[in-house]
Amino acid sequence: MGDPKEAGAEGPPAGVAARGGLSPLSQGESEEPSAQGSALFLGGNEVKSRAVVKYSSAPPRTAFARLEEKTDLKLPPANWLRESAKLGPAGTTILGNSKKSKPFSSFGMAYDFIDSVGNDVDVVSDSENIKKLLKIPYSKSHVSMAVHRIGRTLLLDELDIQELFMRSSQTGDWTWLKEFYQRLIDQKWQRKKKSKEHWYQKAILSKFLYYSINGDGAAQPVPSTAEQQESSSSDQTSDSQGASWPAPFEMPSSVSEDPSASSQGLKNDFVRNILWTFEDIHMLVGSNMPIFGGGRYPAVSLRLRDNNKPINVLTGIDYWLDNLICNVPELVMCFHVNGIVQKYEMIKTEEIPNLENSNFSTKVIKDIAQNILSFLKSNCTKEGHTYWLFKASGSDIVKLYDLTTLCEETEDKYQNPFTMPVAILLYKVACNMMMKKNQNKKHYGTIRTLLLNCLKLLDKSRHPQIIASANYMLSELFQLDEPKKEENSESPLNENSDESYSEEEEEMPDSDENGSYSTSSDPSDDSKAVAIIKSVGELSVPEKYKSIHQIRPSCAFPVCHDTEERCRLVLSYVLEGLKSVDSSIKKESDLPAADPSTPIPLKYEDESTRGGPEGPEKQMALFLDKMGSLQKGNYSSQSGMIPGSWQHKMKLQLILKSSKAYYVLSDAAMSLQKYGRALRYIKLALQSHDTYCCLCTNMLSEVLLFLSQYLTLCGDIQLMLAQNANNRAAHLEEFHYQTKEDQEILHSLHRESSCQGFAWATDLSTDLESQLSVSCKCYEAANEILQFSDLKSQNPEHYVQVLKRMGNIRNEIGVFYMNQAAALQSERVVSKSVSAAEQQLWKKSFSCFEKGIHNFESIEDATNAALLLCNTGRLMRICAQAHCGAGDEFKREFSPEEGLYYNKAIDYYLKALRSLGTRDIHPAVWDSVNWELSTTYFTMATLQQDYAPLSRKAQEQIEKEVSEAMMKSLKYCDVDSVSARQPLCQYRAATIHHRLASMYHSCLRNQVGDEHLRKQHRVLADLHYTKATKLFQLLKDAPCELLRVQLERVAFAEFQMTSQNSNVGKLKTLSGALDIMVRTEHAFQLIQKELVEEFGQPKSGDAAPAADASPSLNREEVTKLLSIFESRLSFLLLQSIKLLSSTKKKTSNNIEEDAVLKTNKHIYSQLLRATANKTATLLERIGVIVHLLGQLPTAGSAAGSSAIQWKACACEEGSAGGTREPWPDMDLPPQRMRTLPGKSVDFLDVGP
């Protein structure tokens, strides 16, 4: 039976319920033929035949009663024409095997067995029509049948021209066909009356069958002549009324939408529906043949024959086909003479073709069947068209006409009474194919063609329900949520050909050998015919009409090359569906005419009531309240649709489909970075959803999930618009553009609601803060929706994404407020205190960061939580910078507020590291947090060192805190790992060592008394100077820093020399200092190289380079350091010459010391001459120094072997020192701390 489910317009399902309580075969009906089928071997020719009873309404089968000889069949039995338990409620219908076929009988079967139509079955028809077709070559009688194509299935129905033209005479409906028939076929048409013999034979047969069931041979009195005439007239009346032709669209609209009404006269009233496979042809056949059984005859057919008339070929074929179709193995014939029973004869089915006077070849019947099917399939190619297969009485020519084409030439194309049944069937088949869960996408082309052909046949004003439903199903064919594929990837949807239509792979030209049924130029042929069989004898030739034509679909499934094209197709179908629904609710004339130039008045909230930036919050609160009310099932529609009506249900589905399509369009525009267009589409999606909410009486969790997804995407778009403010004009233009299709859909939505429920989320603002706030509200609303029902646990992935986005937007807003606070701070006059506006911005920023951290921690996203903790630390540093001491720069001290906020920043950085756990989780974030932490310690230590709070703390305590902070900064400064940040780390570490060395150097100078502490400071200063030197030597872009450190080491040696008394000790110290001077040659070479490159860059041009043209070299600082270096070198050489000279007088001759003395004197004289030349350029002066340093002896000489021993000390600096100062006899330029400005950390892996 058909699938009991059915989508769309038609109400009750086809199948059992539509059959008036009839049921499929039960186990008790064992007398029905076996459903296993049989292979019969007849006359040596094998013909494969298999019959499966799909449905039967026959009562339990009874054995036939063998009548006694001489029984007079002219006398009626007592039970004649009466119902009985044996016959069942159907009465005489069961026995009426000669009952005339109804004109729409195949449609009744097709409705009931919708699964078989379009795919598996080749033909659906009454068995009488099948027999008539297969007897064409043997019979001279006329053939008139209507043929319809549904997919690969052909529906055959008797087209009674006599009945049609009788109706035409009364109503004038079919006048066009009558005129056509008289003009081309039979000019002298007149109704032919049936003979008295016909009615006599029918009455005898009926009485015979009742006798056979009853088994009672007692004859009843013969009725009078008047009774016979009354009986005959009643038979005639019932026969003429059997062909019930419904008037074309005469029923009122309220009834026409009722499927039971639309199928009046289309009932499947056959006793049996049989799936008959004859060779390779699959047919769904309706049969009313009486089958008897019981005893040794489980199934036999019973026939009454006049003994005076031999069985001819036509009768034999009739009997044989009836038995094959019903799978009956034996035939019982009762012979009579003038109504008096003579004898019975039993014949096996396979013996029927060999009966005397009834010889026929089963192979020929098979060829005829295959040829006729091929002929029809090759020419009846258009779905929805009514074809007419006609053979005139006594003619050998069979013609096929397209009545639909002929009908369209008339004034009213809906005059064809087959139009509505065909449209309904096309719709039902498409529905059935759509509802199959395992439906392959390759059939979508077939479904689309069925629906499009259905829509072509229907009048929009008369059948809005079916039209709306068909358009909705067409929109459902396009999968909006399918994954993106490559352009050239194979997809079932890209296959234009469909197996439902193609018989062969390639189209072959017509050939006389393969069939000659094309319209010919022969004058005798009919130019109106689609195809002609010139002689019925051709049907007996094997494979004469073999189907070789590829029957292409009129509308293959379109290949959508991109998402937008697919969504636009969906929206076009949705719009047609909405128009159909709206037209059925209220005629357009009943609505006020809308002026296209006048905007539709909407219920906007007055600006004065919004209260500025609190507007979105109020609107969102109203929205969430509305969401809560939806759970209770509130309903409001402006158009007056009745809840539960088909209009209400269909519009809900169409609106939901439109919202999905707009969502997919928005997502696609988002990926193309067309953010204005994306916002327009998501606005339409939310407007559709808002209308859905107004109409829906019970919100499904699936629909709530859609809304959450829409709001999430809306939040993404608002965020991207905020981050791409440069292209605001283009985004604004895209946002306001609207297609005519979108306007019409929106017009349909406005019939139901104001569509303003989500206006707060979809406005395109020009204010950055407002956009970020709206984005955040969208994410919050999406999260709130997930809390309404159990959506959070049912959709964990979406829930995680929403929380990630909430954390992300809160980070963005936090950074926004933090940057605003920093901007206010930079504009503020130094002497002024922190403003209330700054503090308010800090609070907002901190609140956002705190909420974002909570979002990430709730989904165990340690990496992003660490990043937000890092940004919170950055905020604390900004707060610290804002609290720097007011007043004169030289009088300021490191304040307690600065210390408080720096320590808070350190706490947040340490939390970030604890959140990450190890570097393996995310090395880049781990390194970033470590760098920020190191920077914070370094900045705090530097500020304490440069602006020591001596008014609050002792100098020793300050020095201890500075030392500890510097060592912690070193701890988190990774100088070993190779990365882009490694040079920065090396520079930071070198600077820290330099600062610590300077501090201990200063302590040593200022320390009096404790010799142990002095020694410790001396060792620590040596250690840090050495480490600073090594690290600066690794850097190619810090020659000045390296030179400064080396000069300080020389000053440190000079300071040591002042405390020495012996000349030998002083000489050793001097040799060590000169050795340090020699080691500065590398720094001078780097400076010299940079200066040479600077002068060498402008190859041509008149303008000379400016003095400060080098961006990486401070000329002023180099000049000052060079002057100091020249003076210190001159001083050291002079002292060395004096000491060596005095030593030479006291000691014996020392060749090595004499050589050193001579060299030093020579270098000293050269240095004096060079420094005396005031016109020398900086490059020339450096060149002289490099040259002189190359002549100086290294520490390996005898005189210089007692250079300063640099001892490593592993202890942590526990001692204190003073603030960093240059030594008294050297005027070094003050060093400025090189710090990198803090920046907000880039957010990872949560962007839209």
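Here is a tour that starts with the whole chain and then goes stop by stop.

**Before you click**

This is a predicted model, so to speak: local features need pLDDT of at least 70, side-chain atom pairs count only at pLDDT 80 or more, and totals for chains, interfaces and linings use all residues. Residues are numbered from 1 along each chain as its sequence is written, and side-chain values use heavy atoms, with hydrogens and water left out.

**The whole chain**

Switch to cartoon: the protein has 38 helices and 14 strands. Both are DSSP runs numbered from the N terminus, with helices being H or I of at least four residues and strands being E of at least two. Of the 1248 residues, 52% are buried; that means under 20% relative accessible area, with exposed being over 50% and partly exposed in between (1.4 Å probe, protein chains only). Among contacts (heavy atoms within 4.5 Å) with a separation of 6 or more, 78% are between residues 24 or more positions apart.

**Stop 1: Ser106**

Select Ser106, in helix α1 (residues 105-112). Ser106 is buried, at a relative accessible area of 0%. What is Ser106 in contact with, leaving aside its neighbours within four places in sequence? Show Val124, Ser125, Leu155, Leu156 and Asp157, and you have them.

**Stop 2: an aromatic cluster**

Now pick Trp276, Phe278, Trp320 and Phe360, which form one aromatic cluster. Rings of Phe, Tyr and Trp (its six-membered ring) pair if their centres lie within 6.5 Å; planes under 30 degrees apart count as stacked, over 60 as edge-to-face and the rest as tilted. By this rule there are 18 aromatic pairs. Zoom in on Trp320 and Phe360, an edge-to-face pair at 5.6 Å centre to centre with 65° between the planes. This pair links distant parts of the chain, 40 residues apart: Trp320 sits in helix α9 (residues 313-326), and Phe360 in the loop between β11 (340-348) and α10 (362-379). Trp320 is buried at 0% relative accessible area, and Phe360 is buried at 9%.

**Stop 3: a second aromatic pair**

Jump to Tyr1025 and Phe1052. Their ring centres are 6.2 Å apart and their planes at 50°, so this pair is tilted. Tyr1025 belongs to helix α32 (residues 1011-1034) and Phe1052 to helix α33 (residues 1039-1058), 27 residues apart. Both Tyr1025 and Phe1052 are buried.

**Stop 4: two positive phi values**

Most residues other than glycine have a negative phi. Select Asn327, though, and phi is near 55°. Asn327 lies in the loop between α9 and β10 (330-337) and is buried, with a relative accessible area of 15%. Then try Asn357, where phi is near 65°, in the loop between β11 and α10.

**Stop 5: a helix pair**

Finish with helices α26 (residues 836-858) and α27 (residues 862-882). Their axes come within 9 Å and cross at roughly 165°; axes are lines fitted to C-alpha atoms, for helices over the stretch in contact, and angles run from 0 to 180 degrees between N-to-C directions. The two helices are therefore roughly antiparallel (over 145 degrees; under 35 is roughly parallel, 65 to 115 roughly perpendicular and the rest oblique). For side chains to show, the contact includes Trp842, Phe846 and Phe849 of α26 and Leu868, Leu869 and Leu875 of α27.
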